[in-house]
2 protein chains.
Amino acid sequence: MRIGFRTAAVVVVSSVVATTLFFGSLKNGNAQTRTRYLPEYTADGQLLLPKDFHEWVYVGSPLTPNALNDGHAGFPEYHNVYIEPGSYEVYKKTGQFPEGTILFKELQLTLPGENPDGSRTEPSGRGYFPGPFNGADVTVKDSKRFAETNGWGYFNFNHHEPKAPMAKVKAKGECAYCHISSAKKDEVWTQFYPLLDK
Amino acid sequence: MRIGFRTAAVVVVSSVVATTLFFGSLKNGNAQTRTRYLPEYTADGQLLLPKDFHEWVYVGSPLTPNALNDGHAGFPEYHNVYIEPGSYEVYKKTGQFPEGTILFKELQLTLPGENPDGSRTEPSGRGYFPGPFNGADVTVKDSKRFAETNGWGYFNFNHHEPKAPMAKVKAKGECAYCHISSAKKDEVWTQFYPLLDK
């Protein structure tokens, strides 16, 4: 997750407004403040790898094992999906993804399989078990910047490690078309994420 | 996650010390405070269902599909594992799980299968896709309270929904023995969780 020297040297033109949300709804009754993390771009419009995504709100893990996809799943293999916590807080209240929402899909390989379907047996049973991280895909909601793809931008930060420090937006035919045609709500696959499917 | 009237009526004797940690290591350079959530017990020693676990730090999802386990996996089916964030912060610094660490394993069924192995095909490929939540298991580190099971207590909050509001500790032969014999580090399955396997 550390962003290297090259990234630090680029000019961030679309500066981040780190808005502070007031969380009055925490269960323990103590209101807290939380900083909303918004997307950061380079001068030429590349998205910087979002920071601290491992501490975001996890929403679900579709799993397409390589062994069930001719050895080469389009997204190998676990798709661990997170939403930026400040945006999630807004979503819980409004039912809408606010501008600047970031969804982070970290790819993660399974541990080596023992069976033709890629599964293995561990004390908890036969199935699939998380292995090394394997790159990431990221979507960002920005109705103006990504108007050509219905308001969301799609980025790939490698399907291997290390993750790229920055990424160019993908053409509509590479990612957006599928989200537009099949994702349940506002180009997000809420049909797989009970926390977002309300 | 809402705890009902019965729970509210019990006496919480092992009161929670909500320690405040100082997070000087956040990447944006702004130190923040975070409340550490510690286990809460009833007067007769039952653990209350931990609060706000969906906003804890996610570490991984072993998946044991029912279809690969004679229709009845021991833990059906996704095991989405979280660690309480304040304890994780300590763990990152010390490499040790501090007293009071809570690990939360939410069970989640897969969406209905289309193949004998329980898999289905979605636009991202053939595999397994998250469905309804299905109860939870929780472990708590407390060297004195759970000395009989090597310092960790094991609790089941149902393998169906809704989750139980509280749970009694399990006997050694039900959970602890397997963690003690096969989990990589301090009864935790760090071999499946890269974030914790350092």
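Because the model is predicted, local features are reported only at pLDDT of at least 70 and side-chain atom pairs only at pLDDT 80 or more, while totals for chains, interfaces and linings use all residues. Residues are numbered from 1 along each chain as its sequence is written, chains are lettered from A and ligands numbered from 1 in the order in which they are written, and side-chain values use heavy atoms, with hydrogens and water left out.

Chain A holds three helices and eleven strands (helices are DSSP runs of H or I with at least four residues, strands are runs of E with at least two, and both are numbered from the N terminus). Read from the N terminus, the order of elements is α-β-β-β-β-β-α-β-β-β-β-β-β-α. Of the 198 residues in chain A, 53% are buried; here buried means under 20% relative accessible area, exposed means over 50%, and partly exposed lies in between, with a 1.4 Å probe and protein chains only.

Chain A is superposed on chain B by a rotation of 180 degrees with 0.0 Å of shift along the axis, at an RMSD of 0.0 Å, which is the relation of a two-fold axis. The superposition is by least squares on the C-alpha atoms of residues with pLDDT of at least 70 in both copies. Within chain A, the residue closest to the rotation axis is A:Tyr58, whose C-alpha is 3.1 Å away. Both copies use the same surface, since 100% of the contact residues of chain A recur in chain B.

Turning to that surface, 49 residues of chain A are in contact with 49 residues of chain B. The size of an interface is often given as the accessible area lost when the parts come together. Here the buried area is about 3,800 Å², with carbon and sulfur atoms giving 59%; this area is what the two parts lose on being put together, summed over both, with a 1.4 Å probe. On the chain A side, A:Glu55, A:Tyr58 and A:Phe192 lose the most area to chain B, together 17% of what that side buries.

Several elements of chain A each supply at least two residues to the side that touches chain B, including strand S4 (57–60), helix H2 (85–94) and helix H3 (176–182). Strand S5 of chain A gives the most, with four residues. By class, this side has 22 nonpolar, 17 polar and ten charged residues (Ala, Val, Leu, Ile, Met, Phe, Trp, Tyr, Cys and Pro are nonpolar, Asp, Glu, Lys and Arg are charged, and the others, Gly among them, are polar).

Side chains of opposite charge can pair when their charged atoms come close. A salt bridge is counted when a side-chain nitrogen of Lys or Arg lies within 4 Å of a carboxyl oxygen of Asp or Glu. In one, A:Lys92 pairs with B:Glu55, the closest N and O atoms being 2.9 Å apart. A:Lys92 also forms a salt bridge with A:Glu89, at 3.6 Å between the closest N and O atoms. These two residues are three apart in helix H2 of chain A, so they are separated by about one helical turn. A:Glu89 is buried at 5% relative accessibility, whereas A:Lys92 is partly exposed at 42%. A salt-bridge network also links A:Glu55, B:Glu89 and B:Lys92.

A:Glu84 caps its N-terminal end, with a side-chain oxygen 3.0 Å from the backbone nitrogen of A:Gly86. Just after the helix, A:Gly95 takes a positive phi of about 75 degrees.

Conventions. Contact = heavy atoms within 4.5 Å. Polar contact = N/O pair within 3.5 Å; in protein donor to acceptor, adjacent residues only side chain to side chain.
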